[in-house]
Amino acid sequence: MQPGVTDVQVGGAIFSDMHYRYHYHTDFPCALTLIATVTSRPTAARIVLDAGKKSMSGDAAMPLPIGLPAVRSLRLSAEHATIELEAPSEQPRIGDRVEFIVGYSDTTVHLHEEIVGIRRGSVEGVWPIAARGRLK
């Protein structure tokens with residue numbers, strides 16, 4: 001116990017996310033990511049993916065796509081993410097997967113039934129979200 005400490009928000013501490021990086025200047029490695037699939041490339045600078053607000057939160061901070069050329073903007077609709085690149089690029093292609101560091105782990109975790117734990121490319125565990133849908 002720590003005198004005066006009455007609340008500990010351990011979700012952000014174990015997962016880290018863009019909210020904690022932007023607003024609290026933490027530099028912990030992010031441990032919660034989400035993988036989305038490219039469903040459309042309407043232009044050479046626009047990427048549409050199959051994950052939006054129903055799968056990753058952007059309320060406290062926007063998710064960060066990993067491994068893409070320079071991103072101009074990211075927009076989330078209900079079921080899609082739309083990325084505008086700074087310059088035209090052939091990558092990624094339709095069907096490719098893009099990994100995102102989640103914007104805010106607290107309001108992303110509750111959107112899912114389970115978390116898949118991966119280490120060095122192998123699934124180590126699948127953890128159910130026990131409180132999912134339990135807002136009674």
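**Reading R41 in a predicted model**

Colleague: Which other backbone oxygens does the side chain of R41 reach?

Modeller: The backbone oxygen of R46 is reached at 2.8 Å, and that of P92 at 2.5 Å.

Colleague: Where in the chain's secondary structure is R41 found?

Modeller: Look at strand β1, which covers residues 33–43; R41 is part of it.

Colleague: Is R41 buried or exposed, and why?

Modeller: Buried means under 20% relative accessible area. R41 has 18% relative accessibility, so it counts as buried.

Colleague: Which residues does R41 touch, leaving out those up to four places away in sequence?

Modeller: Its contacts include R46, I47 and L85. S89, E90, Q91, P92 and I94 are also touched by R41.

Colleague: What about a salt bridge for R41?

Modeller: For a salt bridge, a side-chain nitrogen of Lys or Arg must be within 4 Å of a carboxyl oxygen of Asp or Glu. R41 has none, although buried. The nearest side chain of opposite charge belongs to D96, 7.2 Å away.

How values were computed: Residues numbered from 1 in each chain as written. Predicted model: local features only at pLDDT ≥ 70, side-chain atom pairs only at ≥ 80, totals over all residues. Heavy atoms only, no water. Helix = DSSP H or I, 4+ residues; strand = E, 2+ residues; numbered from the N terminus. Buried < 20%, exposed > 50% of the residue type's maximum accessible area, 1.4 Å probe, protein only. Contact = heavy atoms within 4.5 Å. Polar contact = N/O pair within 3.5 Å; in protein donor to acceptor, adjacent residues only side chain to side chain. Lys, Arg positive; Asp, Glu negative; His and termini not counted.
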